[in-house]
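I opened a new structure today and kept notes as I went. The entries follow the order in which I looked things up.

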Amino acid sequence: MVSLAFPQRYAHYATYRFARPNTTAANWHGGEPEPMTLDTQLTISSQNPFQTELDVLVVAISPEFTGSELATELDALLDGRLSKLVSSGVISGETNKSSTWHLPAKIKPLTVVTIGLGKPDRLNAGVLFRAAATAIKQASGRQLARIGLAGFPCSRDEPNSTDAVLIGGLVGAIGQDLYREKKSLFPAKELVFFTSDEVSTKRAEAIATGIAMTRNLVNQPANHMFPESFVDQTLEQIAGTNLQSEVWDTDRLVAERCETMLAVGRASDKPPRLLILRYPGTAAGKSLPPIALVGKGVTFDSGGLSIKPSDGMMTMKCDMAGGATVVGTMMAIAKMGIDRPVIALVGLVENMISGSAYKLGDVLRSRAGKTIEIHNTDAEGRLVLADVLDVAVELSPSHIIDFATLTGACVVALGNDVGGLMGNSEPLQQLIRQAADQVGEYIWPLPMYSIFDEQVQSKVADLKNVGDGRWGGAITAAKFLEQFVGDTPWAHIDLAGPAFADKPKSWCDAGATGYFVHTIATLLENLGSKQV
């Protein structure tokens, strides 16, 4: 271990020996996963899809069987049977309702899958994304060479709609069956999008790659995904991009006085890490101050001494979804080539139990100098973010956005499909909501009234790590984080609901969703080289 001079109160971190048996990349516990990567070739075609050799052709339809010339043409080829089945209710054009026809006469595709788009006045990019992903997920139960997507109401005037269909088609077969001998989903070798418009696939492929990377990281269990392996896998996947990396190990974290982050990780034999990624921007934007993306990376959360029950602990491999979202977004923007420079910081720890675990009543000193009284060791994510946000502030970003599966209270307030949005900057929140609306992802603001500040004040220290009682927990958690961003415009996104699906959805396998990679990549792209 490198010898460094530490302030006396950090000496116990300098001398603590992190045992790391069998945690090297070559000797992880359990069988190696097979990451679901985007090996699918995306092709744009102006040919007639009904005269194209395909294993499966997906055709979008509406409830009234209107709005799609292609659906009408298919109906004519099938002697009017499709419209009759729609009008009789056997086949539905309602949102994400699908049906399958095998070996239909008079056309070349071997199978046709119809997918409902719902009412035209409710159509947006999110509906198109989920419809395309639903159809691809249904069609991908076996290995296929070519799948086609046709009849979706997209045009060159609606690039978000086109990209939504392409991204949904690419990630629809990305599941969580990384460790199954017999896979349940098989990405096609080629995905053909039929349109008469000229379409660039670069942006859609970049964002789909970021979503797939996020899902792959989150879906790995804790015996494979821990701070060191998160870093190793991320660095391996960003190789070849213009992303620059920096990793702080235990010694560096001690030297940087990251006591709250180190306290959370102290009981684990997997040492913590801080991963920093830098995207330099283009010539048009590189002179601007960077935007900082900060992610909670608790690779497993037992709750510590405030231990979770078994049911609550089962899916805690997903507690690093904020960090995975950040690195997935960085992968996307690097491939997109956006103008603005961006810095990502991910605080990576395991929250475990041992004789060295931090305890109820402990008082910790954060990197920013504020002292924190511990009232619940299961409120650990905000402790990690406290130190990481302070590092971010020192890098002088124009804005900070943090991402975390932070509170069950946010799920109680907004449900499983909507992220919570809080912060100290109304303009920044508006920009985030506009980007979310563009791509059809769901987020909703929660109030940051000053009355909540009182609830995170401690009688023993400067702060305590939970509010008063169970009410307003998502807001008091955000109010705690606000103490560490100073005057920097900042937004906090609580992903606890939408980041991970306990049950499969029509458009996504159970497990990680990759929620909000598309929104933040779009936000950063929208900002371009503008001063904000």
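**Entry 1: the model.** I noted at the start that this is a predicted model.

**Entry 2: aromatic pairs.** I took Phe 129 and Trp 507 as one case: their ring centres are 6.1 Å apart and the planes stand at 65°, which is over the 60 degrees needed, so I wrote the pair down as edge-to-face. I then asked where in the chain the two partners sit. Phe 129 belongs to helix α4 (residues 125-139), while Trp 507 is in the loop between β18 (500-501) and β19 (511-512). The two are 378 residues apart, and the pair links distant parts of the chain. I checked burial as well: Phe 129 is buried, and Trp 507 is buried too.

I also looked up Tyr 515 and Phe 516, which form a stacked aromatic pair. Their centres are 4.9 Å apart, with 25° between the planes. I found both Tyr 515 and Phe 516 buried.

**Entry 3: charges over rings.** Which residue lies over the face of Phe 226? I found Lys 270 there, at 5.4 Å from the ring centre.

**Entry 4: two helices.** I recorded an angle and a distance, because two packed helices are described by the angle between their axes and the distance between the axes. For helix α12 (residues 381-394) and helix α15 (residues 473-482), the axes come within 9 Å and cross at roughly 30°. An angle under 35 degrees counts as roughly parallel, so I put α12 down as roughly parallel to α15. I noted the crossing of α12 and α15 as right-handed. On the α12 side, the contact is made by Arg 382, Leu 383, Leu 385, Ala 386 and Leu 389. On the α15 side, Ala 477, Phe 480 and Leu 481 make the contact.

**Entry 5: Phe 484.** I followed the chain to Phe 484, in the loop between α15 and β17 (490-494). Is Phe 484 buried or exposed? Its relative accessibility is 3%, so I counted Phe 484 as buried. I listed its contacts, leaving aside neighbours within four places in sequence; among them are Ser 366, Lys 370, Ile 372, Asp 390, Val 393 and Leu 463. Phe 484 also touches Ala 386 and Leu 389, two residues I had already written down for α12 in its contact with α15. Ala 368 is another contact. Ala 368 is 116 residues from Phe 484 in sequence, yet the C-alpha atoms are 7.0 Å apart in space.

How values were computed
Residues are numbered from 1 along each chain as its sequence is written. This is a predicted model: local features need pLDDT of at least 70, side-chain atom pairs count only at pLDDT 80 or more; totals for chains, interfaces and linings use all residues. Side-chain values use heavy atoms; hydrogens and water are left out. Rings of Phe, Tyr and Trp (its six-membered ring) pair if their centres lie within 6.5 Å; planes under 30 degrees apart count as stacked, over 60 as edge-to-face and the rest as tilted. Helices (H or I, at least four residues) and strands (E, at least two) are DSSP runs, numbered from the N terminus. Buried means under 20% relative accessible area, exposed over 50%, partly exposed in between (1.4 Å probe, protein chains only). A charge sits over a ring if NZ of Lys or CZ of Arg is within 6 Å of the ring centre and within 35 degrees of the ring normal. Axes are lines fitted to C-alpha atoms, for helices over the stretch in contact, and angles run from 0 to 180 degrees between N-to-C directions. Angles under 35 degrees count as roughly parallel, over 145 as roughly antiparallel, 65 to 115 as roughly perpendicular and the rest as oblique. A crossing is left-handed if the near helix is turned anticlockwise from the far one by less than a right angle, and right-handed if clockwise. Contact means heavy atoms within 4.5 Å.
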